[in-house]
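Here are my notes on this one, as numbered points.

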Amino acid sequence: MESSGRAAGGPSRRQVLGRGALIGAATVGAGLAPQAGAARAATAPPVREETLAAEPVEISLRVNGRERTLSVEPRTTLLDALRERLGLTGTKKGCDQGACGACTVLVDGRRVNSCLTLAVMQRDAEITTIEGLARGDELHPVQRAFLECDAFQCGYCTSGQIMSAVALIEEGHAGSPEEVREWMSGNICRCGAYPNIVAAVRQAAGGGAR
Amino acid sequence: MSVVGRPIARVEGRLKVTGAARYTADLPQDDGKDLVHAVAVCAAVAKGRITSIDARQARAAGGVLELITHHNAPRLRPVPAQEVLGPAHETLLVLQDDRVHYSGQPVAVVVADTLENATHAASLVRVEYAEERPVATLFEGIDDAFDSPRYAPPTTIGDVDRGLADAAVVIDRTYTTPAQHHHPMETMATTVRWTADEVTVHVSTQTISMVRDGLATTFGLRPEQVRVVSEFLGGGFGGKAAWCWPSVVTAMAARLTGRQVRLVTTRRQMFAATGQRPHSVQRVRLGARRDGVLTAIAQDCVGETSAFYDTPPFYIGAATPVPYGCPNIRTTQRFVKVNCQTPVPMRSPVEGVGLVSVESAMDELAAELGVDPLELRRRNYAERDPNSGLPWSSNGLLECYERGARRFGWPERNPEPRSMRDGRYLVGWGMATAIRHAGSDPTSALVRLGADGRAVVQIGSQDLGTGTFTIMTQVAADALGVPVEMMRAELGDTDLPTGGGSFGSHTAASVAAAARLAGEALRAKVIRIAVADEGSPLSGASPDDVLVDDGYLFVRGDRSRGERYAQILRRNRLQSATGDHTPPPREGATVARWAFGADFTEVKVDPELGTVRVTRHVKAIEAGRIINPRTARSQVIGGVVMGIGQALTEATEVDRRDARITNAGFWGYHVPVNADVPDIEAIFVERDDPHIPGSVKGLGEIATIGTAPAILNAVFHATGKRVRDLPITPDKLL
Ligand code: FES
Ligand code: FES
């Protein structure tokens, strides 16, 4: 159930942290372990708060074919930048830990957990979110297949499932139901729509519903 | 043509596949400028007192607007238990004193201009505790288990001791089920704006009216001052059904800052924000004659409850007397106070937990007697409800057995454990019975019709994702007599007519009944207007003779004499009517209303690794009439998937020294993923039920009940090894 970006091989949040230790400390402290931060004071790691306050920077991102200028802090994840700064709330936060796939977007065509990458890292990339799939009123074939196969209930994981499915078909991993199951396993659906998701991916890939 | 019973696509589906559906954390869109973010700091110990909170660093951090602790939090009033589901009274008096009762309890809340700043500042809050030794698990406190005659009185039918003494065979086994968490994909989110006149709350909740009443009581407001909105929910499974702290602290933050405040609990916090399915130990004794007919059923359960709250959550044995006709039945339950959050319902808190042991014990009895497990259940079919002694309102259980078994190929089963193989894998087939009480809640609906012929149906209910939007639309369209495309559904707002909670498998029955009444009332009203309207071709007709089809009203026997709703409405004002559903009273009932089901499952077990895979599953359900077979099928599939998790992967682990949850994330708490889930087939055995409005019994919970025990039984059949401790992780098979 790890990241849906297993095919990605792109830079991870951790690698970036290695390059920018100061920002890294802030991100780890802030993003991953709020609870641990409140732990017994004696055992809590020392925090160098002086180094943490990173100034917001102006960046531009190419999202869904449009150049968008926004101000983010270096520690802002791509997910939060999309949702909180650009108002693209179709991409969802399910765990903020890279473990559920709800935040999946395409970065240069590869599926990436947007909670695991920082916005500042994606300045040169082409980002596609769920809002960028349909052409006007015409749904993308994967969106249509999800509708037709009832491949969701609550819909909260659906943006991530659809983005994953779009990339997976492109990757050539929709050859059989078994293959789809395996390659869609980075996207959790707590409503349990999996059999219908498999059917939808197969249908969109032109492999028949089953 | 009637649209009820047809598999139409979800009416809100397009919004969901395009990312346009707005869930709580996606709001507001318009005036986001005013919005600020709150992050909770949660207790790192499970029991003790807060001795100091050093908030200097946090307050000095960038963007921080407010920091709330028990020193400066608004004072709250206790909410009585009858107003809310789950923890009530003093348990949700959060941030009121220095006591810590469970790890993850909120001890401070930071409000800042951005999410990053709030999260960072929260990490700078230093809390020190005078720690006390917690009760970490049920087993640790089991010597102090107590009864609760008020909430979980023992059930006694006949004479169990006698029934056991008379039995030719007695099965006496103890099973344990772990604490589990709901984990809807949408974590608990709340946005509150608090002005002098009104408190507006956007919240992920299964019961908007409960949040309104709870917040009003605890903050000393009138319910009319609080508006609660929850349009799209990212799942709930019971975890958003109960009264819980995130909404309370968000409201505090909004009141103190005067800003619109959003708090989204982290996935980790979800392990201590919305309660859990309680850890339980269940001893079952079954007595039977040689032919398998039961002479006694005894079930003694012990369940965890929180350390600071006496009201036990659920009597998990409450439905144990129902599935089998047996003259002697006794169930008891005791409780253990554990330093955990107060348990809450999780997709069938009674049957989904308490029948795991009974259905496994039935399988053990079948093996002991050499009787086929399905045949054993048939022989013990209950002609009436053994618990109440009342006749069933309707009962399709035998047909569920038959159709499920046929579809699955059950007769092919070799009864011998370890006898079936697929290459190196051991193959096992198992089955179980499912039952679930069918009920509904008082619900009001309003249907409005405009001059364009379009109509809207409004109910202050919620759609967890199960299809409430869609079935409301279908039922109201049919009742009014308009095409389904002309009907729109609105829900999730306390400004709408009051609906009940979306839990207990009550929603479909409640919402459908109210929508039908409102639609029919409006149809009758417009017909009355038309027959009295000289400008209408229907003028002078008897209202009883006016029929409606696809929005066209005409006189019986003369289709040409009529006109469309839109034409009538153009000459008249906008029309609306309400419908109020009142559930049949439980007291003095003359029938027992239940839904029924049967699960059949196949597992393949790797004998070297102990890994279990479910490879196919058939579930037959009798839940009365199905309003939408498409959404219903998805709901059943989803229930089976959750049952797979319950049986094989899901357990909330607690460390015994500190009583902290050790697997607080999807990385450690394993819910099923796509590759874990096989083809699942749902069969609906439909029944008309004259005692239930619309014959709708509800599906949410019966969808998952029965799945876990069927898997347990299949694993025994595959391996010859009986695991009585959920979940069946590989270590238990090696
Ligand atoms: S993987 Fe990014 S939110 Fe879960
Ligand atoms: S549709 Fe609800 S989580 Fe997937």
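1. A word on terms before the counts: a salt bridge here is a side-chain nitrogen of Lys or Arg within 4 Å of a carboxyl oxygen of Asp or Glu. By that rule the count comes to 57 salt bridges over all chains. Do keep in mind that this is a predicted model.

2. Start with how chain B and chain A meet. The contact draws 81 residues from chain B and 68 residues from chain A. About 6000 Å² is buried between the two chains, and carbon and sulfur atoms give 53% of that area. On the chain B side, the residues that lose the most area to chain A are B:Val17, B:Met185 and B:Asn674, together 14% of what that side buries.

3. How many salt bridges are there between chain B and chain A? The count is seven. One to look up is B:Asp26 with A:Arg83, where the closest N and O atoms are 2.8 Å apart. Another salt bridge joins the side chains of A:Glu84 and B:Arg262, at 3.2 Å from N to O. That pair crosses between chains, running from helix α4 (residues 78-85) of chain A, which holds A:Glu84, to strand β13 (residues 260-264) of chain B, which holds B:Arg262. As background, side chains of opposite charge can pair when their charged atoms come close.

4. Polar contacts also turn up across the interface of chain B and chain A: 30 residue pairs, both partners at pLDDT 80 or more. On the side of chain B that touches chain A, the elements giving two or more residues are α1 (13-17), β1 (35-42), α3 (115-124), β6 (126-131), α13 (629-648) and β28 (679-684) of chain B. Which of them gives the largest share? That is α13(B), with nine residues. Sorted by class, this side of chain B has 33 nonpolar, 28 polar and 20 charged residues.

5. Now the domains of chain B. The assignment gives domain 1 (14-133 + 185-235 + 240-272), domain 2 (280-439 + 589-732) and domain 3 (443-581). Taken over C-alpha atoms, the centres of domain 1 of chain B and domain 2 of chain B are separated by 35 Å.

6. Chain A is assigned domain 1 (55-132) and domain 2 (134-210). Their C-alpha centres lie 21 Å apart. The contact between them takes 17 residues from domain 1 of chain A and 16 residues from domain 2 of chain A. Between them these two domains bury about 1300 Å², with 54% of it on carbon and sulfur atoms.

7. What holds for charges and polar groups at that domain boundary? Between domain 1 of chain A and domain 2 of chain A the count is one salt bridge. A:Glu171 and A:Arg111 form a salt bridge, their closest N and O atoms being 3.0 Å apart. Eight residue pairs are in polar contact between the two domains of chain A, both residues at pLDDT 80 or more. Strand β3 (residues 104-107) of chain A gives the most to the domain 1 side, with three residues. By class, that side of domain 1 of chain A has six nonpolar, eight polar and three charged residues.

8. On aromatics, a search of the whole structure finds twelve aromatic pairs over all chains. Take B:Phe232 and B:Phe469: the ring centres are 5.5 Å apart and the planes sit at 40 degrees, so the pair is tilted. It links distant parts of the chain, 237 residues apart, with B:Phe232 in the loop between β12 (226-229) and α6 (245-257) of chain B and B:Phe469 in helix α10 (residues 468-480) of chain B.

9. Two backbone spots to check by eye. The peptide bond from B:Leu726 to B:Pro727 is cis, with omega near -10 degrees; B:Pro727 sits in the segment after α14 (707-719) of chain B. In chain A, A:Asn64 has phi near 50 degrees, a positive value in a residue other than glycine. You will find A:Asn64 in the loop between β1 (57-63) and β2 (66-72) of chain A.

Key
Residues are numbered from 1 along each chain as its sequence is written. Chains are lettered from A and ligands numbered from 1 in the order in which they are written. This is a predicted model: local features need pLDDT of at least 70, side-chain atom pairs count only at pLDDT 80 or more; totals for chains, interfaces and linings use all residues. Side-chain values use heavy atoms; hydrogens and water are left out. Contact means heavy atoms within 4.5 Å. Buried area is the accessible area (1.4 Å probe) that two parts lose on being put together, summed over both. A polar contact is a pair of N or O atoms within 3.5 Å; within protein, one must be able to donate a hydrogen and the other to accept it, and residues adjacent in sequence count only if both atoms are side-chain atoms. Helices (H or I, at least four residues) and strands (E, at least two) are DSSP runs, numbered from the N terminus. Ala, Val, Leu, Ile, Met, Phe, Trp, Tyr, Cys and Pro count as nonpolar, Asp, Glu, Lys and Arg as charged, and the others, Gly among them, as polar. Domain bounds come from an automatic or database domain assignment. Rings of Phe, Tyr and Trp (its six-membered ring) pair if their centres lie within 6.5 Å; planes under 30 degrees apart count as stacked, over 60 as edge-to-face and the rest as tilted.
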